[in-house]
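Visitor: I would like to learn how to read a few features of a model like this one. Please take them one at a time.

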Amino acid sequence: MASSIAILTKSRSIIKEILTHHHHDSLVKSITTSSFLSQQPQLAEQQPHPSPPSPEQSPLPPNPASGSPLYNENWRNPIQPTSSSSSASLIPLNFIHQESARIQALSQTLDLAAVKNVFADWTASQRWGDMKQLFEFWIRSLDGRTGKPNKPDVDLYNLYLRANVMMGASAGELLDLVARMEDYGIVPNTASFNLVLKAMHQTRETAAAEKLIERMLQSGKESLPDDESYDLVIGMLFLTDQIDSALKYVDLTLKYGYILSVKVFTECVRSCVDKGRLDTLVSIIDRCKKMDQNKALCPTWNLCNYIADVAMQEDNTELAYFSLEFMAKWIAIGDKARPPVLLSVDEGLVVAALGTAGRTYNTKLLDGSWALLKRLLRQKKAPNPESYLAKIYAQASLGNLQKAFSTLHELETAYGSSTTEAEDDLFSPFTSLYPLVVACSKNGFVTLDSVYYQLENLSQADPPYKSVAALNCIILGCSNTWDVDRAYQTFEAISSTFGLIPNTHSYNALMNAFGKLKKTSEASSVFEHMISKGVKPNATTYSVLVDAHLVERDPKAALSVIDQMVNEGFEPSRVMLKKVRRRCMREMDYTNDDQVGSLARQFKIRMGFENRRDLLFNLEYSTDYA
């Protein structure tokens, strides 16, 4: 055998030498046991074009193998992919360990329902990585009954997407996975896109989220946005301070009847208040209250107080009412809790709400504020005097004098028995009850007479209602209309008709009526009569007398009243001294002006300057430019 191989080798070398000295067409051939393969290049024969099928031939039906991208590969042995196909596979290349082998073996024994059950258990224990591996092995396994690659449904694929989300997959990676659902014949539904929106929410990809939700709106019914979709997008937009876009999707949420989450509603309220979009917020709250699924929404307790403060500063009565309504809900929830949680609102906030109701003439806010206050007090104490006065102001501004005097009666019942000077000022028509005085004199003697006759009828009712404070308001109202006759008759009726005793405020109101008409002597007589009756004057008494003398252009007499006032233990106010100084300057009475300055220094009152007033007073009017 060895000799034959040596002969063949030697013959091949001889043949090569012969071929180098002869032409290529020589017929020298080597002796070999294999067939000769020509090494000469040859033109390929042109293949004839296949003839088109005849009309009698029918095409084959479509390939029934669909629903898995593995049909494009060697799917009869899918577990061992080649290196070329593994790059496009969903299976990571580094899962070569014992746990992966166990999951791979498990995937070959499960059907669709069994995989879902396993995923349910693993979701509870948050085994997201194992879920991801099992799915990727399972889709490359063959069904034990049909022998074909396993095909997931949309619910199972969504569980796979969720595992990717929990493992920190980016929104782009999730979109690629959603796109691959078409390879399995699956149509993405709303839950599929919501998982992508969650990933976008984590990275604040607002632009991509808006495009995705617009795509969902344009797609079929299976992937229309739901409550969670809008919740994710709106929350993301509010967090990035894109309030206009967020409000657009809030509008769509309410338009299609979806539920706003408490978190999104709270962010919406906070953003609208911070940006001054109060009317928009009122519209959103009103629409939520009309929907059964959203009417229970309520901001936090602290946010309710913040809303109320801002709404009252801007005189937005609707928003202020909504904020008080939210507070009432929280109070009701606290009362029902076990143990009860007793929430309380600062009464000053209610007073501010009543003042807002009076400025804006809003009856709804007035009633709501007072109802909230009564609920807060829980019938254990009476409201503070400031609350009653704010309610009187609101009712007087609305022109509801009957209710205003009824509130005055409640105030007198609660605090009328007090004899302190501070409590006595509560019923002063010059300060606390002045809004009621203005309301009584709004239409002149018509309103004044109407109120007087009502009080006269109430004094004869059962039980009778008699109020010196109410009659004092009528006297000062007559003074404001320059009707001293009605003021005097009302003053006399206090004792003759109503059987009451005039107090300091009654005499002050009558003196004010005489002083306005330059009847200074009559005003002084009323003052002397008051002293003789043992009624103690107050600071308002002397202020009214000073005004009466200044109307008569008598600053000297006004200063004498101030001296008497100081002797009685009262201090002149800055307003009073400025009035006297102004009259002294106009009368060129520099002596009395110096006395005013000494009083100001004595009581440490900074008088300031009146340059602007002096400019107006010293203007020389002429007809040159007429």
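Guide: H5 and H6 are oblique to each other. The model is a predicted one. Angles over 145 degrees would count as roughly antiparallel, and the axes of helix H5 (residues 128-138) and helix H6 (residues 154-166) cross at roughly 135 degrees, coming within 9 Å.

Visitor: What is the handedness of the crossing of H5 and H6, and which residues meet there?

Guide: The crossing of H5 and H6 is left-handed. On the H5 side the residues are Trp128, Met131, Lys132, Phe135, Glu136 and Trp138. They meet Leu156, Tyr157, Leu159, Tyr160, Arg162, Ala163, Asn164 and Met166 in H6. By class, the contact of H5 with H6 holds 10 nonpolar, 1 polar and 3 charged residues.

Visitor: How are H9 and H10 oriented to each other?

Guide: The angle is compared with the cut-off, and over 145 degrees counts as roughly antiparallel. The axes of helix H9 (residues 206-218) and helix H10 (residues 227-239) cross at roughly 155 degrees and come within 10 Å, so H9 and H10 are roughly antiparallel. H9 passes H10 in a left-handed crossing. H9 contributes Thr206, Ala209, Glu210, Ile213, Met216 and Leu217 to the contact, and H10 contributes Ser229, Tyr230, Val233, Met236 and Leu237. These residues divide into 8 nonpolar, 2 polar and 1 charged.

Visitor: How are H8 and H10 oriented to each other?

Guide: Here the cut-off is under 35 degrees, which counts as roughly parallel. The axes of helix H8 (residues 190-203) and H10 come within 9 Å and cross at roughly 15 degrees, so H8 and H10 are roughly parallel. Their crossing is left-handed. The H8 residues in the contact are Thr190, Asn194, Leu197, Lys198, Met200 and His201, and those of H10 are Glu228, Ser229, Leu232, Val233, Gly235, Met236 and Leu239. The classes are 6 nonpolar, 5 polar and 2 charged. Ser229, Val233 and Met236 of H10 belong to this contact and also to the contact with H9.

Visitor: How many disulfides does the count come to?

Guide: A disulfide is a covalent bond between the sulfur atoms of two cysteines. The rule asks for sulfur atoms within 2.5 Å, and the count comes to 0 disulfides. Cys288 is in none, as the nearest cysteine sulfur, that of Cys268, is 7.8 Å away. Cys440 is in none either; its nearest cysteine sulfur belongs to Cys473, at 6.0 Å.

Visitor: Are Cys288 and Cys440 buried or exposed?

Guide: The test for buried is under 20% relative accessible area. Cys288 has 2% and is therefore buried. Cys440, at 0%, counts as buried too.

Visitor: What does Ser495 count as on that scale?

Guide: Ser495 counts as partly exposed, with a relative accessibility of 42%. This residue lies in helix H24 (residues 484-496). The C-alpha atoms of Ser495 and Val468 are 9.7 Å apart, while the two residues are 27 residues apart along the chain.

Visitor: What do the totals for the protein come to?

Guide: The secondary structure comes to 31 helices and 0 strands. Of the 626 residues, 43% count as buried. For contacts between residues at least 6 apart in sequence, 65% join residues at least 24 apart.

Note on methods: Residues are numbered from 1 along each chain as its sequence is written. This is a predicted model: local features need pLDDT of at least 70, side-chain atom pairs count only at pLDDT 80 or more; totals for chains, interfaces and linings use all residues. Side-chain values use heavy atoms; hydrogens and water are left out. Axes are lines fitted to C-alpha atoms, for helices over the stretch in contact, and angles run from 0 to 180 degrees between N-to-C directions. Helices (H or I, at least four residues) and strands (E, at least two) are DSSP runs, numbered from the N terminus. Angles under 35 degrees count as roughly parallel, over 145 as roughly antiparallel, 65 to 115 as roughly perpendicular and the rest as oblique. A crossing is left-handed if the near helix is turned anticlockwise from the far one by less than a right angle, and right-handed if clockwise. Contact means heavy atoms within 4.5 Å. Ala, Val, Leu, Ile, Met, Phe, Trp, Tyr, Cys and Pro count as nonpolar, Asp, Glu, Lys and Arg as charged, and the others, Gly among them, as polar. Buried means under 20% relative accessible area, exposed over 50%, partly exposed in between (1.4 Å probe, protein chains only).
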